[in-house]
Amino acid sequence: MAKKKPKEITFSKEEVRQSNAFTPVERDFLVAYLADDETYTIDQAKKILEKQLKGAVK
């Protein structure tokens, strides 16, 4: 029998912004990059932040 993958915990934009997983500067950027009506895992938020910051420096 196949194992079920546990559902990852998701957070609102405000909960991600308050997370200790990010520096204060990263939290400021996340306010701009995350949608108000979406939920994100910490990994998703980190990937969005990384993608946006890498795209800004060319």
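Predicted model: local features only at pLDDT ≥ 70, side-chain atom pairs only at ≥ 80, totals over all residues.

Visitor: Okay, what pattern does the protein follow along the sequence?

Guide: Read along the sequence, the pattern is β-α-α-β-α. That comes to 3 helices and 2 strands, taken as DSSP runs numbered from the N terminus, with H or I of at least four residues for helices and E of at least two for strands.

Visitor: And how much of the protein counts as buried?

Guide: Of the 58 residues, 17% count as buried. Buried means under 20% relative accessible area, exposed means over 50%, and partly exposed is in between (1.4 Å probe, protein chains only). The protein exposes about 5000 Å², with carbon and sulfur atoms supplying 53% of it; those areas come from the Shrake-Rupley method with a 1.4 Å probe, and for residues only the protein chains shown count as cover.

Visitor: Which residues make up the largest nonpolar core?

Guide: There are 7 residues in all: Val16, Phe22, Leu30, Leu34, Tyr40, Ala45 and Leu49. A core here is a set of buried Ala, Val, Leu, Ile, Met, Phe, Trp, Tyr and Cys residues joined through side-chain atoms within 4.5 Å.

Visitor: What's Val16 in contact with?

Guide: Leaving aside neighbours within four places in sequence, Val16 is in contact with Phe11, Phe22, Leu30, Leu34, Tyr40 and Ala45. Contact means heavy atoms within 4.5 Å.

Visitor: How many of the contacts join residues at least 24 apart?

Guide: Among contacts between residues at least 6 apart in sequence, 40% do. Gln44 has its place in helix 3 and is partly exposed at 38% relative accessibility.

Visitor: Where does Thr41 lie, and is Thr41 buried or exposed?

Guide: Thr41 is in the loop between strand 2 and helix 3, and it is buried, with a relative accessible area of 8%. Again leaving aside neighbours within four places in sequence, Thr41 is in contact with Glu8, Ile9 and Thr10.

Visitor: Switching to charges. How many salt bridges?

Guide: The count comes to 3, where a salt bridge is a side-chain nitrogen of Lys or Arg within 4 Å of a carboxyl oxygen of Asp or Glu. One of them is Asp36 with Lys13, whose closest N and O atoms are 2.8 Å apart. That pair links distant parts of the chain, 23 residues apart: Asp36 is in the loop between helix 2 and strand 2 (39-40), and Lys13 is in helix 1 (residues 13-17).

Visitor: Are Asp36 and Lys13 buried or exposed?

Guide: Asp36 is exposed, at 64% relative accessibility, whereas Lys13 is buried, at 15%.

Visitor: And which partner does Arg17 have?

Guide: Arg17 bridges to Glu14, with the closest N and O atoms 2.7 Å apart. Since they sit 3 residues apart in helix 1, about one helical turn separates them.

Visitor: What about Glu50?

Guide: Glu50 pairs with Lys54, and their closest N and O atoms are 3.5 Å apart. These two are 4 residues apart in helix 3 (residues 42-56), so about one helical turn lies between them. Glu50 is partly exposed at 47%, while Lys54 is exposed at 58%.

Visitor: How many aromatic pairs are there?

Guide: The structure holds 1. It is Phe29 with Tyr33, stacked, 6.0 Å centre to centre with 15 degrees between the planes. Rings of Phe, Tyr and Trp (its six-membered ring) pair if their centres lie within 6.5 Å; planes under 30 degrees apart count as stacked, over 60 as edge-to-face and the rest as tilted. Both residues lie in helix 2, 4 residues apart, about one turn of the helix.

Visitor: Which residues form the nonpolar patch on the surface?

Guide: Val25, Phe29 and Leu53, with about 240 Å² of accessible area together. Patches are made of residues with over 30% relative accessible area and no salt bridge; like charges are joined within 9 Å, and nonpolar side chains (Val, Leu, Ile, Met, Phe, Trp, Tyr) within 5 Å. Phe29 is partly exposed, with a relative accessible area of 35%.

Key: Residues numbered from 1 in each chain as written. Heavy atoms only, no water.
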